[in-house]
Amino acid sequence: MQPQFEEKRFALRMALRLPIVVSGRADDGAAWSEPTETDDISTLGALFQLNQKIKQGDILYIRSHRPDGVPVEVKAQVMR
């Protein structure tokens, strides 16, 4: 019998497509930046797709705009 995966998410996720720009550093230290959009979001995180290879623990910077046009940037850590 396979062990069951224990879901550790506690925040309700909401399907929402928001344009974002994600940036970070590759293993060799080179900076990269990629436009994408969220698949869903919660108060504790967001799901989105990237072409850039990332791994658990990487630090990313996510930029977007509030509805009033004010730019927002957050620092995030890859959890999954």
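**Strands and salt bridges**

Trainee: How many bridges join S2 to S5?

Mentor: Three bridges join these strands, S2 and S5, and they run antiparallel. A strand here is a DSSP run (E) of at least two residues, numbered from the N terminus, and two strands pair if DSSP finds at least two bridges between them. The model is predicted: local features need pLDDT of at least 70, side-chain atom pairs count only at pLDDT 80 or more, and totals for chains, interfaces and linings use all residues. Residues are numbered from 1 along each chain as its sequence is written, and side-chain values use heavy atoms, with hydrogens and water left out.

Trainee: Which residue stands opposite Ser23 in S5?

Mentor: Tyr61 of S5 is opposite Ser23.

Trainee: And how many bridges for S2 and S3?

Mentor: Strand S2, residues 19–25, pairs with S3 over seven bridges, in the antiparallel sense. At Pro19, the bridge partner in S3 is Glu37. S2 and S3 form a hairpin, and five residues lie between them. In that turn, Gly29 has a positive phi of about 95°.

Trainee: New topic: how many salt bridges does the structure hold?

Mentor: It holds six salt bridges, each being a side-chain nitrogen of Lys or Arg within 4 Å of a carboxyl oxygen of Asp or Glu. One of them joins the side chains of Arg13 and Asp40, at 2.7 Å from N to O. This pair links distant parts of the chain, 27 residues apart: Arg13 is in the segment before strand S1 (14–15) and Asp40 is in strand S3.

Trainee: Is Asp40 buried or exposed?

Mentor: Asp40 is buried, at a relative accessible area of 16%, whereas Arg13 is partly exposed at 27%. Buried means under 20% relative accessible area, exposed over 50%, and partly exposed in between, computed with a 1.4 Å probe on protein chains only.

Trainee: Which residues are linked in a network of salt bridges?

Mentor: Arg17, Glu37 and Asp39 are linked in this way. The side chains of Arg17 and Asp39 meet at 2.8 Å, N to O. That pair also links distant parts of the chain: Arg17 is in the loop between S1 and S2, Asp39 is in strand S3, and 22 residues separate them. Arg17 is exposed, with 53% relative accessible area, while Asp39 is partly exposed at 22%.

Trainee: What does Lys55 meet in a salt bridge?

Mentor: The side chain of Lys55 meets that of Asp27, at 2.8 Å from N to O. Lys55 lies in the loop between S4 and S5 and Asp27 in the loop between S2 and S3, so the pair ties together parts 28 residues apart in sequence. Asp27 is exposed at 73%, and Lys55 is partly exposed at 42%.

Notes: Helices (H or I, at least four residues) and strands (E, at least two) are DSSP runs, numbered from the N terminus.
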